[in-house]
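I opened a new notebook page for this model. I start with one residue, then step back to the whole chain.

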Amino acid sequence: VFFFFFNEKTVNYDIPLTYLAQGNPGTDFKFLTINDYTFILNRTKVTSMGTDTSPAKRYDRMVFIKQASYSTTYNIAINGVQVATHTTPSNDDEGQYKLSSTDIASDLLTQVQAAGYSAAMAKSTITIYSTVDIAVVATDSRSNTHIVDIADKIQTFSHLPTVAQDGFIVEIMGDQSSNFDNYFVKFNASNPGNISDGVWEEVVQPGILINLDPTTMPHQLVRNPDGSFTYGLVEWNERIAGDDENYPPPSFVGRKINNLIFYSNRLGFLSEDSVILSAASEFFMFFVSTAT
């Protein structure tokens, strides 16, 4: 003889119960409990991406004076028209003039502004602001080794300046010495909103979907300290790096999840013929955290 005793508990919720109302409770629902969290899966639901996107692509451009040398000409052209040029003194005048990359940048900036473009600078970095796509080409008479223009792509990370426009995002195309796929970095300036020194950090590609639609994903039932429970959506982590081509959304997106597993401190989903695991110790992260 078996006796079953049930303790009725309060379940709090502030979302519609649509996820629980669809499907056969005997066959279409799966549960997985990890500590105080119980994940509830409705196997009939097709998962999808949400509607949040990463910040849109900006059309600002930067010009960086890498080196100041005598007898060198520095040029900036915008949309095929040369708008600024600066030529340093010859070596014969070396004793009379002290070269400065900041002075070169300042002269070029004045000419860019005189041509009708909005621009600013800090140290030897110029930012040309635009709300539309413009082509900025920077050249010099030293095989273009002393000046570099930076649009939305650049070949290698080492070509980026340490002083840049806050929020500037650029795609690193990669080089033969690197095993990395293309990746994106954003400049976090020490003086927010301006051009200043700061650091580059990896980010997600501009203008792409970054979140999972929580209404189509497994829900959660969380045990509270007072013994009650709270039912609701899971705050799945957003995509923070990569792009759709090299690092697409997890393969369960656009499909049904068949079951839940827990393996090596990772939350896992079974979807069709695939097993998709979260990041270690981060049950809600199913995107890559870095492309590098």
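**Ser 278 and its surroundings**

I listed the contacts of Ser 278, leaving out residues up to four places away in sequence: Arg 266, Leu 267, Phe 283, Met 285 and Phe 286. Contact means heavy atoms within 4.5 Å.

The model is predicted: local features need pLDDT of at least 70, side-chain atom pairs count only at pLDDT 80 or more, and totals for chains, interfaces and linings use all residues. Residues are numbered from 1 along each chain as its sequence is written, and side-chain values use heavy atoms, without hydrogens and water.

I placed Ser 278 next. It sits in the segment after strand 20 (274–277). Strands are DSSP runs of E, at least two residues; helices are runs of H or I, at least four; both are numbered from the N terminus.

Is Ser 278 buried or exposed? I found it buried, at a relative accessible area of 1%. Buried means under 20% (1.4 Å probe, protein chains only).

I then checked the side chain of Ser 278. One of its polar atoms lies 3.3 Å from the backbone oxygen of Glu 282.

**Whole chain**

I counted two helices and 20 strands in the protein chain. Its radius of gyration, taken over C-alpha atoms, is 27 Å, well over the 19 Å of the globule rule for 292 residues, so the chain is more spread out than a compact globule. That rule is 2.2 Å times the number of residues to the power 0.38.

I read the C-alpha span along the principal axes as about 105 × 35 × 30 Å. Of the 292 residues, 40% count as buried.

Note on methods
Buried means under 20% relative accessible area, exposed over 50%, partly exposed in between (1.4 Å probe, protein chains only). A polar contact is a pair of N or O atoms within 3.5 Å; within protein, one must be able to donate a hydrogen and the other to accept it, and residues adjacent in sequence count only if both atoms are side-chain atoms.
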